[in-house]
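Good morning, colleagues. Please look at the sequence and the model now on the screen, and I shall take you through the points I have selected.

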Amino acid sequence: MIYNSSLKWDAVYDVIVVGFGGAGAGAARFAADKGAKVLLIDSAPEGSEGGNTRYAGGAFAWGNNFADLKDYYVQTYYPFKYDAADLDTFVNNVLEMKEYSQKYFGIEAQPTGRRPKGEYPEYKHADAMQSQSMTKGMYNGGFWKLLRKKVYDRLDKIDVWFASPAEHLIQDAQTGTVLGVQIKREKHELNIAARNGVVLSCGGFENNQDMVQTFLGQGSLAPIGTLYNRGKGIDLVVEAGARLWHMSNYDSHGLSLDEGEPREKFAYMINWKSLFNGSIFVAGDDGTRYFREDEEDRHGYKYNHGNWVMIPNQNHPHIVFDQKQYDQLAADTSDKAQQIKELLTYAVKADSLATLAKEINAPQLEQAVADFNFLTDEKKRDMFLNRKITTMRSLGAGPYYAIPVRHNILHTHGGGHRNQNCEVLDMQGKVIPHLYEAGELGDIFATKYIGANSIADLLISGKIAGENAAAVKEQVVQADVTTSASQTPELHSDAHAEVTDFPAGKNQGIGMSENGINDAPIVVRVTVDDQNKIKKIETLQEKETPSMGGKAIPVLTNEMLAKQSTDVDAVSGASTTSRAFKEAVTQALAHIKH
């Protein structure tokens with residue numbers, strides 16, 4: 001969108017940050033610390049903000065040897081090109097990540113102990129990168145809550161607008177300088193000026209089917225993280241005249257269940273060692289095997305004749321197994337036993353392989369089973385896919401089973417080409433004035449993503465982009481505001497300090513847990529009768545993810561009332577919320593006032 005003299009500004013800030021995920025939280029925080037008045041917007045409603053960071057494990061990359069660490073990264077790029085200045089900046093910052101943790105969060109990061117030899121130990125110096133964490137546990141929302149809290153500690157300098165997507169960038173017609181953002185908020189299109197800079201931190205395009213097909217060449221992928229990464233950042237940088245890079249790169253964890261849902265269950269099943277052990281394999285569209293099922297997951301990349309490539313995508317793959325395997329999985333006692341048993345409930349059952357093949361539209365399934373059994377019984381070696389023979393057992397008597405699965409996607413890496421200052425570059429390699437990027441959108445990774453590096457990148461790029469956007473420019477955007485926040489309700493910030501003072505009467509108790517997926521505590525009020533029987537459980541405050549934790553809370557409430565106990569099973573896919581809700585109810589019961 002090009003600025004013209006008739007355009008009216010509805011508000012003016014020093015910095016606008018588009019996307020309230022991990023990188024956006026950092027950009028807003030560091031811009032505010034430089035004295036900027038910041039507007040932080042997100043397309044998601046409150047409770048669903050956070051981007052993929054909300055779902056991330058939270059470990060970040062760290063190393064202590066520049067030459068070795070850079071060499072490792074360069075090897076993982078091969079045969080793709082890399083930007084030397086960008087990579088050098090990233091590596092130098094990775095070396096400082098433990099100090100970053102201490103300085104900006106007051107936390108001494110601890111090693112996770114994961115993959116001490118590196119994700120690609122075949123490469124030289126793979127152990128030069130080790131992962132660290134500021135939180136206890138993984139995938140529990142703890143890391144996201146740390147970042148979110150830093151924003152909420154600065155609400156005097158940061159306004160937050162939820163459910164307010166960016167529609168267009170507003171640029172000077174002559175210089176291309178980004179002057180502000182057109183934002184859709186409460187059915188209004190608002191033109192908001194940014195004196196010093198706009199930071200795009202609105203994630204990738206995992207949920208945009210057209211972009212997945214166009215840029216990744218895949219028919220359909222099941223998102224693991226947020227449902228709000230829809231590729232708007234790509235549209236915005238293209239509109240601004242940016243050169244794109246890394247558009248074909250994405251990472252994955254292999255397979256999820258296929259129910260046709262926006263976010264599918266069991267996204268990490270490829271790592272369940274007791275699942276792919278026995279008379280079981282993954283069948284492609286035609287019923288034949290197409291990847292090594294027991295190979296360690298490397299964010300979707302599989303060994304391929306001396307290199308590692310993204311797992312080939314199938315349109316309707318299935319996990320196929322026999323009755324013996326079914327019984328083995330039903331009796332599983334591993335730490336994934338509950339999930340494995342739930343996964344079994346989605347299996348299609350047939351008395352014969354021929355019937356199963358027709359049921360799942362896999363015409364070569366019978367031959368695939370014969371080939372699998374031949375390798376197991378005769379050759380004693382998987383000469384085609386190199387699966388360990390100790391994990392293979394011939395399929396025997398029926399009935400037979402098939403579980404529909406989908407290939408999944410963790411995040412994409414493409415976006416506008418950005419330099420070491422997180423400035424977005426145009427088609428000639430020149431800086432687009434006042435436009436910055438941070439996080440997943442246009443990050444530096446071209447191929448073979450290594451775990452813990454996106455977390456390091458969002459911390460690094462969020463800080464660089466936020467501080468650079470906040471810096472007062474030689475040519476500051478001049479904007480006259482035609483409306484004011486006091487007169488226009490949609491200009492008010494959505495973020496407020498959390499309320500934690502709740503009343504409790506006779507036979508009532510208040511309980512609270514801060515261990516949910518969001519920074520806001522879960523607060524409940526429990527009412528009992530004179531015999532201490534639970535009569536009512538009220539959720540007074542929660543800002544869990546509506547599509548997951550938000551749906552789990554009513555289920556848990558009903559189960560607790562029915563059982564008259566907090567000893568109920570966690571809701572699948574919402575284990576963090578489930579634990580926190582049970583903590584809150586348990587505490588409320590302990591605080592009953594008679």
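This is a predicted model: local features need pLDDT of at least 70, side-chain atom pairs count only at pLDDT 80 or more; totals for chains, interfaces and linings use all residues.

By buried I mean under 20% relative accessible area, with exposed meaning over 50% and partly exposed in between (1.4 Å probe, protein chains only). A salt bridge requires a side-chain nitrogen of Lys or Arg within 4 Å of a carboxyl oxygen of Asp or Glu.

Residues are numbered from 1 along each chain as its sequence is written, and side-chain values use heavy atoms, with hydrogens and water left out.

To return to Asp-426: this residue sits in the loop between strand S22 (423–425) and strand S23 (431–437). Helices (H or I, at least four residues) and strands (E, at least two) are DSSP runs, numbered from the N terminus. The Asp-426 side chain reaches the backbone nitrogen of Gln-428 at 2.9 Å. Beyond the neighbours within four places in sequence, Asp-426 is in contact with Gly-241, Ala-242, Arg-243 and Ile-432; contact means heavy atoms within 4.5 Å.

Let me now turn to the charged pairs. Side chains of opposite charge can pair when their charged atoms come close. Over the whole structure, a search finds 22 salt bridges. In one of them, Glu-122 pairs with Arg-298, the closest N and O atoms being 2.8 Å apart. Glu-122 lies in the loop between strands S4 (110–111) and S5 (130–133), and Arg-298 in the loop between strands S14 (280–283) and S15 (301–304), so this pair ties together parts 176 residues apart in sequence. Glu-122 is partly exposed at 45% relative accessible area, whereas Arg-298 is buried at 8%.

Another salt bridge joins the side chains of Arg-418 and Asp-457 (3.1 Å, N to O). Arg-418 belongs to the loop between strand S21 (415–416) and S22, and Asp-457 to helix H12 (residues 453–470), so the two tie together parts that are 39 residues apart in sequence. Arg-418 is buried, with a relative accessible area of 2%, and Asp-457 also counts as buried, at 4%.

A further salt bridge links Glu-538 and Arg-525, with the closest N and O atoms 3.0 Å apart. Glu-538 is in strand S26 (residues 534–541) and Arg-525 in strand S25 (residues 522–528), 13 residues apart. At 21% relative accessibility Glu-538 counts as partly exposed; Arg-525, at 15%, counts as buried. Salt bridges with shared partners also join Arg-289, Glu-293, Asp-382 and Arg-387 into one network.

Finally, the overall architecture. The secondary structure comprises 14 helices and 26 strands. Of the 594 residues, 57% count as buried. Among contacts with a separation of 6 or more, 71% come from residues 24 or more positions apart. The C-alpha trace spans about 80 × 75 × 45 Å along its principal axes.

How values were computed
A polar contact is a pair of N or O atoms within 3.5 Å; within protein, one must be able to donate a hydrogen and the other to accept it, and residues adjacent in sequence count only if both atoms are side-chain atoms.
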